[in-house]
Amino acid sequence: MSRNVRISTIQPKLTVYRDQLIEAGRRENIERMLGLLHQAGERGSDIVLLPETFTHAGIPLDAGKLERHAETLDNAMFGELSAVCARYGMHVVASVYLNDRGAVYNSCVFLDRGGLVAGVYHKVHPTYPEMAYGVQSGTEFRVFTLDIGTVGAIICHDNSFVESARCTALMGAEILFWPHFQSGWGEVMWEVQLKSRAIDNGCLFVSSSYSDKSERNHWAPGRFVGRSNIVGDDGIILADAGREESIATADVDLDDKRRAHSFCYNDVVDYQKALFDNRKPEAYGRIVMRREEGSAP
């Protein structure tokens, strides 16, 4: 048996809006993303990841502006995304600032092939700047069942904590989606993180960020690195968007699990099953302590 899935991740060019009104910049971001989504649909993608908070990327915000301009699930933008999903019969994972019952979160909204909301995840680890302008913390990791399998998301700073990916994988996620802004930690650390999250959890890891080239049309260290990609459960990069505005696409078989010979058993076994079956949660209490509680005397 096989479950063949075509995964795409979108990497748009980041535009910094200095003088435009928020709504004008937001509209430009949406139009760019819709164009790229149509390209992903023409490729026959089953599921597509968009980068972090794409509607407000490059727009200076504060608490008042964010509260007024955060997305809602019933607004016109989600109607446009839903129409693209339905046209191509593909799932979309959209990261936005979302107003959910009066509180603003950095969220991933999963849309199914018909454009209906299949689930919403709120970022558990917002950054200090986000919290300063009113973004609330999510309280739990989540997974969602789509017709391709079980999926989950972590958002940007969530990935700084190994527990985020592990908790989501333990709940059954076969694909982990990671929309993010990426520059500060550096490219080497970033690539190692992606590969290690996939390997450590025996699942696919899909990232989406931005292409950020200067007005002189070159990339330089310290700018957004691009490199949105799809990583296999063995840590091999299956598709990479490079530095430019681009779409990376890979075909995977979710039933073709990574196997290891004589790993924990004297046989060829499913790597993730062996990994999770041999966990000892009773010995991991220290990981949920505050640092001062777990410090040596």
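**View 1. Strands S7 and S8 pair in the antiparallel sense.** Four bridges join S7 to S8. Two strands count as paired if DSSP finds at least two bridges between them. Leu146 stands opposite Gly149 in S8. Strands here are DSSP runs of E with at least two residues, helices are runs of H or I with at least four, and both are numbered from the N terminus. This is a predicted model, where local features need pLDDT of at least 70, side-chain atom pairs count only at pLDDT 80 or more, and totals for chains, interfaces and linings use all residues. Residues are numbered from 1 along each chain as its sequence is written, and side-chain values use heavy atoms, with hydrogens and water left out.

**View 2. Six strands form an open sheet.** Their order is S7-S8-S9-S10-S11-S12, and the pairing is mixed. S7 and S12 (237-240) are the edge strands, each pairing on one side only. Neighbouring strands are turned by 20° against each other on average, direction ignored. The angles come from axes fitted as lines to C-alpha atoms and run from 0 to 180 degrees between N-to-C directions.

**View 3. Helix H5 covers residues 162-170.** Its buried residues are Ser164, Ala165, Thr168 and Ala169. Buried means under 20% relative accessible area, exposed means over 50%, and partly exposed lies in between (1.4 Å probe, protein chains only). Seen down the axis of H5, these buried residues fall within an arc of 120°, so they line one face of the helix. The arc is taken from the directions between the helix axis and the C-beta atoms. An α-helix has 3.6 residues a turn, so residues three or four places apart point the same way.

**View 4. The buried residues of H5 pack against strands and helices.** The strands are S7 (143-146), S8 (149-153) and S9 (175-179). The helices are H6 (187-201) and H7 (271-277). Contact means heavy atoms within 4.5 Å. Gly172 follows H5, and its phi is positive, near 110°.

**View 5. Ser207 sits in strand S10 (residues 204-208).** Ser207 counts as buried because its relative accessibility is 0%. Among the residues it touches are Thr9, Leu49, Trp178, His180 and Trp190. Leu194, Arg227, Ser228 and Asn229 also touch Ser207. Residues up to four places away in sequence are not counted.

**View 6. The protein has eight helices and 15 strands.** Of its 297 residues, 50% count as buried. Along the principal axes, the C-alpha trace spans about 65 × 55 × 40 Å. Among contacts between residues at least 6 apart in sequence, 67% join residues at least 24 apart.
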